[in-house]
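Subject: Structure handover

Hello,

Here is the structure for you to look at. My notes on it follow below.

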Amino acid sequence: MDLSLVLTTYKDDLHLRRVLNELSKIDFSKYLVEIILLDASDFNKSVAIDALGKNSDLLRFYSIPGLSRTKSLNKIFELSTGNLISRIDARTSIKPDYFDKIFDLRSCVNAEVIGGVMLPVGSTMIQRIVASLMKHPFCFGGSKFRNQNFKGYVDSLYLGTFDRKFLNDNSLHFDEIHPNISEDSDLNFRISKSGGKLFMDSSILVEHYPRESFKEFFRLCFNYGVGRGIFMIKHKRLLAIRQAIPILSFISAILLIFLGFYKVLGALIILYIILIIGFSITLGPFKNIPYYLIGFFGSHFFWTMGIMISPLKYISNLRKKND
C-alpha cells in the first residue's frame, strides 16, 4: 500500500461531508490508497460512502463514540497499512493535486514528515474574520507552517504525511496520557528527537475552515493554551520565544500591581490597546474593526488563561493515569 489517508472526526458532520466530497474528485489511480475514517460521534457510514462517490471503495469506516482525539489518532495510525500516512482534518480543504505534490516532495527531500502550508479561510463574515486573526503574527500567524512563502525544514507541521516505518521503528505515537496536549507539536518534537526530519513546502496548500463563532474560537484559543502549556511542562522547553510572551505579560502585570507600579501597568495597557487598534485598522474594512478588537483581545486572554491552567490539567492527567 502506497498511502493511508487517515481522518478522525467528532461532531463535524457538515465539514466532513465537504472534505469527503473533495476526496471524491481526486484521481487515486496512480497509487495504492486506502481512506481510513474514524468518527467518535454518530456520523453515518452510508453518508460517508455517498459523499466519497467513485472513491468509496477505498473507504474503511470505524465508529467509536466518545474516543478521545489522541486515542482516535493512534487507532487509525495503527490500522493503516500504507508506507505513508497522510493526515487530513474535517475542517481542511485540499486541491485535487494535493497528493501528487506530496509524492513529488517525498521523492526529492530527505524527511520523515512532509507537508504544506496551513491557510485559514472562511465562508461567513465571522469565519473570515477569525481566519484573518489566525493568519496575523499578533495572533497565531508566527509559525512557519502558516508562512505562505517558506520551503525548508521545520520544527512542526500542520497535519502532515508521515513515514509509517519510522514511526513504528521508534515506537512513536500520540500521547494518550495527555489528550489535551498540542498533539501535532508533541509528536513532531519526539520525531525530531528520534532523528527524524520535517519538511514543509508552501506550494502545497492546505486550507483550514476555522470556528464559526467567537465563542467557539475563544474556546479553541483556551484549548490551544492548555495544549501548549502541557507541551512546555512535559518537554521543559519552548518551540518559539513568542509562546512565552503571554506568560511573562501575566506575571509582569501581577508584579506591577503587587509593587504598586500602577502607572507603568497603565502605560503598558494603553500600548497594548494602541497595538490591537492599529492591527485591526490594517485588517479592515472599518465596519469589521470592532470584531477584530474583540478577536485579538479574546484570543490573547483565553490563550493565556489556558496556559495558566495547564499545570492543573497536567497533574490531573497523571492522576487519571495512575488511578
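Arg17, Leu20, Asn21, Leu23 and Ser24 of helix 1 are in contact with Val47, Ala48, Ala51 and Leu52 of helix 2, contact meaning heavy atoms within 4.5 Å. By class, the residues of this contact are 6 nonpolar, 2 polar and 1 charged (Ala, Val, Leu, Ile, Met, Phe, Trp, Tyr, Cys and Pro count as nonpolar, Asp, Glu, Lys and Arg as charged, and the others, Gly among them, as polar).

This is a predicted model, in which local features need pLDDT of at least 70 and side-chain atom pairs count only at pLDDT 80 or more, while totals for chains, interfaces and linings use all residues. Residues are numbered from 1 along each chain as its sequence is written, and side-chain values use heavy atoms, with hydrogens and water left out.

Helices (H or I, at least four residues) and strands (E, at least two) are DSSP runs, numbered from the N terminus.

Buried means under 20% relative accessible area, exposed over 50%, and partly exposed in between (1.4 Å probe, protein chains only). The buried residues are Ile126, Gln127, Ile129, Val130, Ala131, Ser132, Leu133 and Met134. They pack against helix 1, strand 6 (113–120), strand 9 (198–208), helix 8 (214–235), helix 10 (262–283) and helix 11 (289–322).

Regards
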